[in-house]
Amino acid sequence: MSDEEDMVVTPWEVRGKVDYNKLIRQFGTQPLTDELMKRLQKHVGELHPQLRRKLFFSHRDLDVILDLYEKGTRFVLYTGRGPSGPVHIGHLVPWIFTKYLQDKFKTRLYFQMTDDEKFVVEQNLKLDETAKLAYDNSLDLIALGFKPENTYIIFDVKDISLLYDIALEVAKRVTYSTAKAVFGFQDHTNIGWIFWPAIQAVPCFIHTKLTGEIVPSLIPAAIDQDPYWRIARDIAPKLGYYKPAQIHCRFVPGLGRGGKMSASEPETCIFTTDTPEMIKKKVWNAFTGGKPTVKEQKELGGNPNICTIYQYFLYLFEENDEELVRLSRECKSGDIVCGDCKAVLTERITKFILEHQKRREKARDIVGEYSISRN
Ligand code: TRP
């Protein structure tokens, strides 16, 4: 993939070099300003590294959510996952952030597992496969420490009877021409895909059906999902709901040259089920900003901005901002070489993944407690 390639960002495809400021303009979202961060900080105490580092960079109506919250109206969180394969570290980044918001605001999370969407959209997946992946992927969510008391996982196919009436209310109010303009449907697009956005809108509103409370939802997710929320926001007032608000994050890069972490390139992607040997191999083969030889690196220094290893420290594996600055400085000056960073990163990822795997196994016994249709 070349950097010059035109940027394409849709819910199904992310291509080219992503220019996040341009995305804010193209999608018509709002930048997450320092002022808004300060407001958030009043409620959460410490800003999460993903906020401080502007990995979450854009929003819709986060200010409205805070206005309401300050006047005593709570909100619920909603996010989700299209189970088309195993979970990798890139998926965990916004989920970890969601957990932080949940802990700070003590609020409910609705999490949608879209086995239906992935069946309809992916040529090669059968329905029992996406359902199995939905179950499997939910173990990763639970392993992050979400508590059943305030976490409701929606398995679309299994739970459809709970969703269907709201989906119909939504679908009736979205015209084909709007959906086509937003999603770019073609003549050969199957019709399952055309109805599907109504289902992704449902969890924005389901809290009211379950509890009678009318509260807004806040959706932390990568910005590629934004087209769905344009539709949901459009029809929300017509149905008597608040418009769902969003807080958008960047794409977690893969370990290869350019591009987001994607399961279709398994060599550049760390899965939560990888062994220590696999992790080591992937990290050691990663694309870095280093010079080809140690001698050149020491003389000329490296470029952390293009380095995937550095990105991993930035996104997840170095919480201390000063350490991050030090890494960048010592890389640029040639005081450290790629091997140094790779060794540290391998160790941190391995430790994280091994602990995650233990919690993931334990999650098998308790998944049922998280289902939205639990008794
Ligand atoms: N469409 C998303 C995907 O393919 C899955 C999803 C459903 C989602 N609801 C969501 C993602 C809410 C983020 C937030 O991955």
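**Exercise 1. What area is buried between domain 1 and domain 2, and what percentage of it do carbon and sulfur atoms give?**

Solution. The structure is a predicted model, in which local features need pLDDT of at least 70 and side-chain atom pairs count only at pLDDT 80 or more, while totals for chains, interfaces and linings use all residues. Residues are numbered from 1 along each chain as its sequence is written, and side-chain values use heavy atoms, with hydrogens and water left out.

Step 1. Locate the two parts: domain 1 covers 4–250 and domain 2 covers 266–362, with bounds from an automatic or database domain assignment. Their C-alpha centres lie 29 Å apart.

Step 2. Identify the residues in contact (heavy atoms within 4.5 Å): domain 1 gives 18 residues and domain 2 gives 21 residues.

Step 3. State the buried area, that is, the accessible area (1.4 Å probe) that two parts lose on being put together, summed over both. The value is about 1700 Å², and carbon and sulfur atoms give 62% of it. On the side of domain 1, R53, I89 and A143 supply 37% of the area buried against domain 2, more than any other three residues.

**Exercise 2. Describe the polar links across the interface of domain 1 and domain 2.**

Solution. Step 1. Count the salt bridges (a side-chain nitrogen of Lys or Arg within 4 Å of a carboxyl oxygen of Asp or Glu): there are 4 between domain 1 and domain 2.

Step 1. Examine a salt bridge between two side chains: R52 and D321 meet at 2.7 Å, N to O.

Step 2. Count the residue pairs in polar contact (N or O atoms within 3.5 Å; within protein, one able to donate a hydrogen and the other to accept it, and residues adjacent in sequence counting only if both atoms are side-chain atoms).

**Exercise 3. Which residues come nearest to the ligand?**

Solution. Step 1. Of the 14 residues around the ligand, the nearest are Y78, G82, E117, Q200 and Q225.

Step 1. Inspect the ligand's nitrogen atoms: a polar side-chain atom of Y78 lies 2.8 Å from a nitrogen atom of the ligand, and an N or O atom in the side chain of E117 is 2.9 Å from a nitrogen atom of the ligand.

How values were computed. A residue is near a molecule or strand if one of its heavy atoms lies within 4 Å of it.
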